[in-house]
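Look at the structure first.

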Amino acid sequence: AKAPFSDKRVRQALHYALDTESIIKKAILGNAKAATSYFQEGHPDYTKASTQYTYDPGKAKQLLQEAGVSNLSLRVTSTQNSWIDPIMPLVKENWDAVGVTTTLDIVPSSTVYSNQRADGGDYDVVCASGDPSVFGNDGDLLLSWFYRPGTWMKTRARWDVAPEFAQVQTLLDQAARSDAAKAKDLHAQVVDIIAEHAPLYSVFHRQLPTAWDEKQLLDFQPLPTTGVSFIGVGHK
C-alpha cells in the first residue's frame, strides 16, 4: 500500500537477495527446505511455482534499479521466537549486501499483529512463521487462510485492491467446485500468481517431527508440517 513496496519488483528483490540455503544451514541447522511453491514438496497440491526465488543478489539489485529505488531503508518486523531470532541477523546481512539499509524490529507476536504494527500498517516488511495446516491439510483451506478476503490480504498485506487478488478469488472459487485433479491445476495458477507478486510468500518450509504410538493407531500418517490429521485413522 505504500511506495516502494507497492512495486512487486521491490518485493521480488527482497526475496532474491536472501541466501535461503545459508540461512537454513546456519540458523536452523538444516531442518528446512527452501520454498519452491506456496505448498511444501510432498503436499498433494504441490506444483513448482513459475517464479523461483533462488539466491541472486545481482538480480535483486537489478530489480531495485528497474523500480527506480536507491538507498532503500526499511524496518523489518519479526516475531520474537526461539527459531526465528537467529534468522533475522542473516536476513539483515543479505539485504544490507544489496544496498538496503535494514533495521531489525524484533517484538512478541502479539505486538507484530497489533494496531501498532501489522494491523495498523506500521511496518515495512514482516517476517514471521505461519501454518494454517493445524486446521487441516486441504489445499483450499491452506490457500484461503492467507489469500481470501479478510485479515491477511486486507488488513495486513493490503493486497486486496490488486487486480491479481480478484483473479485469485475467481480461481479459488472454481477450484472449490472442481474435482481433485482440476482443483490442483487451478491451485497451481494461484501459486504462480502469489509467487510472482509476493504480497506474502514462503521463504522456506520447516521440517518438523511427529510422534505416535503404532500400537494404538491404525493407518496414521504424519503431516510434513505442524498439526495432525486423523482422517481415515482407526484406534486398535
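This is a predicted model: local features need pLDDT of at least 70, side-chain atom pairs count only at pLDDT 80 or more; totals for chains, interfaces and linings use all residues.

Residues are numbered from 1 along each chain as its sequence is written, and side-chain values use heavy atoms, with hydrogens and water left out.

Q: Why is α6 called roughly parallel to α9?
A: Helix α6 (residues 139-147) and helix α9 (residues 180-197) pack at an angle of about 30°. Angles under 35 degrees count as roughly parallel, so α6 is roughly parallel to α9.

Q: Which residues make the contact of α6 with α9?
A: Contact means heavy atoms within 4.5 Å. On α6 the residues are G139, D140, L143 and Y147, and on α9 they are H187, V190 and I194.

Q: What classes do the residues of this contact fall into?
A: They divide into 4 nonpolar, 2 polar and 1 charged. Asp counts as charged, and Gly is among the polar residues.

Q: What makes the phi of R158 worth a remark?
A: Phi of R158 is near 60°, a positive value in a residue other than glycine. Most residues other than glycine have a negative phi. R158 is in the loop between α7 (151-156) and α8 (163-176).

Q: Which kind of peptide bond joins A3 and P4?
A: The bond is cis, with omega about 0°. Most peptide bonds are trans. P4 lies in the segment before α1 (8-16).

Technical notes
Axes are lines fitted to C-alpha atoms, for helices over the stretch in contact, and angles run from 0 to 180 degrees between N-to-C directions. Helices (H or I, at least four residues) and strands (E, at least two) are DSSP runs, numbered from the N terminus. Angles under 35 degrees count as roughly parallel, over 145 as roughly antiparallel, 65 to 115 as roughly perpendicular and the rest as oblique.
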